[in-house]
Amino acid sequence: MNIKPFPVAVVGLGPGSQPEDPDLAYMPLPREIDSFDQPTLPTSEEVEHLHAAKQVIAELITQLQGYRGDAEVYPVQDISQLDSANRQLINQLLGEGEVSCRVKLLDGRELDMQESVFAGIWRVLESSAEGQLLADRIEACPIPAAVWQAARAFGKAELDIPSLPAQLMNAGPVLTEIAAAMQNPGSEAHIINFSLLPMSPADMDCLDAILGPGNSGVFSRGYGKCRVMATSLANVWRVQYFNGMNAILLDTLEITRIPEVALASTDDLADSLDRLQEAWQWLQGEY
């Protein structure tokens with residue numbers, strides 16, 4: 001996937017902010033942030049005239065107060081038309097959190113999503129195949145729905161298992177298990193833990209070739225690096241955890257709509273609402 005840098009300035013983002021990492025070459029990863037850090041906010045006097053940005057935040061808070069965690073219908077604020085001063089206030093308020101997502105849609109459009117310092121509140125930039133910015137919005141949700149919707153639309157509904165080389169150890173049974181789980185999805189994720197299976201390098205090469213790459217990825221650099229990558233199969237995700245040297249600590253496959261590790265929790269969103277309200281009160285001069 002040809003990933004472009006964010007086409008507008010967001011705090012902490014831009015060309016050169018995504019480290020080169022030959023061992024994690026699918027998509028660039030965001031830099032590491034280990035804990036919540038309340039953004040440094042301007043005074044109420046400094047933002048007194050920025051009515052559009054303050055209205056966006058006020059409306060987002062109101063929407064969040066009535067939000068009940070729906071995965072597809074959730075608070076959205078389009079900020080595409082804000083001028084540079086109002087946009088800068090939004091940038092300063094939201095900051096940059098631990099998680100980013102990248103999606104390439106079937107029509108060539110690309111989505112770059114950066115979680116803010118408020119867990120579950122996302123900045124979503126939509127661009128054309130040519131790199132032109134089409135939309136800039138804030139979404140408040142466990143994860144932007146486009147991540148799993150695009151992966152499902154791109155992925156094949158069934159796994160056709162080809163003839164396999166005789167020297168493989170466990171690739172065949174694993175592929176059979178994946179195919180069965182795809183045909184009989186349950187309410188819980190079906191997880192295959194490669195770290196606990198006797199898988200040869202040839203087995204893993206075979207699986208990688210058959211599963212193929214998808215069009216969606218989620219990356220976290222919180223207390224440890226985690227990469228959640230869609231495959232070419234609908235609802236089949238590769239989930240990998242890395243140590244500080246980029247060695248794989250845990251390598252799994254999950255058959256589910258979206259792996260739970262990628263989601264902000266209900267508690268995360270409730271905490272973010274509280275913190276966002278505190279920031280709003282500061283901007284209003286109530287602190």
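Student: Happy to look at this one with you! What is the strand order of the open sheet of 10 strands?

Tutor: Good place to begin, and keep in mind that this is a predicted model. The open sheet holds 10 strands with antiparallel pairing. Read across, their order is E1-E5-E4-E3-E2-E7-E8-E9-E10-E6.

Student: Which strands stand at the edges of this sheet, each with a single partner strand?

Tutor: An edge strand has a single partner strand, so one side of it is left without a neighbour in the sheet. The two strands in that position are E1 (76-78) and E6 (190-193).

Student: By how many degrees are neighbouring strands of this sheet turned against each other on average?

Tutor: Here direction is ignored, and the value is an average over neighbouring strands of the sheet.

Student: Let's turn to E4. How many of the residues of E4 are buried?

Tutor: Take the two faces in turn. On one side Ile121, Arg123, Leu125 and Ser127 are buried, and on the other Trp122, Val124 and Glu126 are buried, so both faces are covered. E4 is therefore largely enclosed by the rest of the structure, and the count of buried residues is 7 of the 7.

Student: Which residue is the bridge partner of glutamate 126 in E5?

Tutor: E4 is joined to E3 (residues 110-115) by 6 bridges, in an antiparallel run, and leucine 111 stands opposite glutamate 126 there. E4 also runs antiparallel to E5, with 7 bridges joining them. In E5, the partner of glutamate 126 is alanine 135.

Student: In the hairpin of E4 and E5, which glycine takes a positive phi?

Tutor: The hairpin of E3 and E4 has 5 residues between the strands, and glycine 120 there takes a positive phi near 85°. The hairpin of E4 and E5 also has 5 residues between its strands. With a positive phi near 95°, the residue you want is glycine 131.

Student: On to the helices. What span should helix H6 have at 1.5 Å a residue?

Tutor: H6 covers residues 266-283, which makes 18 residues.

Student: How wide an arc do the buried residues of H6 cover around the axis?

Tutor: The buried residues are Leu269, Ser272, Leu273, Leu276, Ala279, Trp280 and Leu283. They lie on the same side of H6, because around the axis they cover an arc of only 130°.

Student: Which helices and strand do the buried residues of H6 pack against?

Tutor: Just after H6 comes glycine 285, with a positive phi of about 80°. As for packing, the partners of the buried residues of H6 are helix H1 (51-65), helix H2 (84-94) and strand E4 (121-127).

Student: At the start of H2, which residue's backbone nitrogen does a side-chain oxygen of aspartate 83 reach?

Tutor: H2 has buried residues that include Leu89, Ile90 and Leu93, and its buried residues pack against H1, E4, E5 (133-140) and H6. At the start of H2, the side-chain oxygen of aspartate 83 comes to within 3.3 Å of a backbone nitrogen, that of alanine 85.

Student: Is tryptophan 148 buried or exposed?

Tutor: Tryptophan 148 lies in helix H3 (residues 146-154). It touches Ala71, Glu72, Ile143, Trp237, Arg257 and Ile258, leaving aside residues up to four places away in sequence. Under 20% relative accessible area counts as buried, so at 5% tryptophan 148 is buried.

How values were computed. Residues numbered from 1 in each chain as written. Predicted model: local features only at pLDDT ≥ 70, side-chain atom pairs only at ≥ 80, totals over all residues. Heavy atoms only, no water. Helix = DSSP H or I, 4+ residues; strand = E, 2+ residues; numbered from the N terminus. Expected span 1.5 Å × (residues − 1). Buried < 20%, exposed > 50% of the residue type's maximum accessible area, 1.4 Å probe, protein only. Arc of directions from axis to C-beta. Contact = heavy atoms within 4.5 Å. Polar contact = N/O pair within 3.5 Å; in protein donor to acceptor, adjacent residues only side chain to side chain. Pairing = 2+ DSSP bridges. Axes fitted to C-alpha atoms, helices over the stretch in contact; angles between N-to-C directions.
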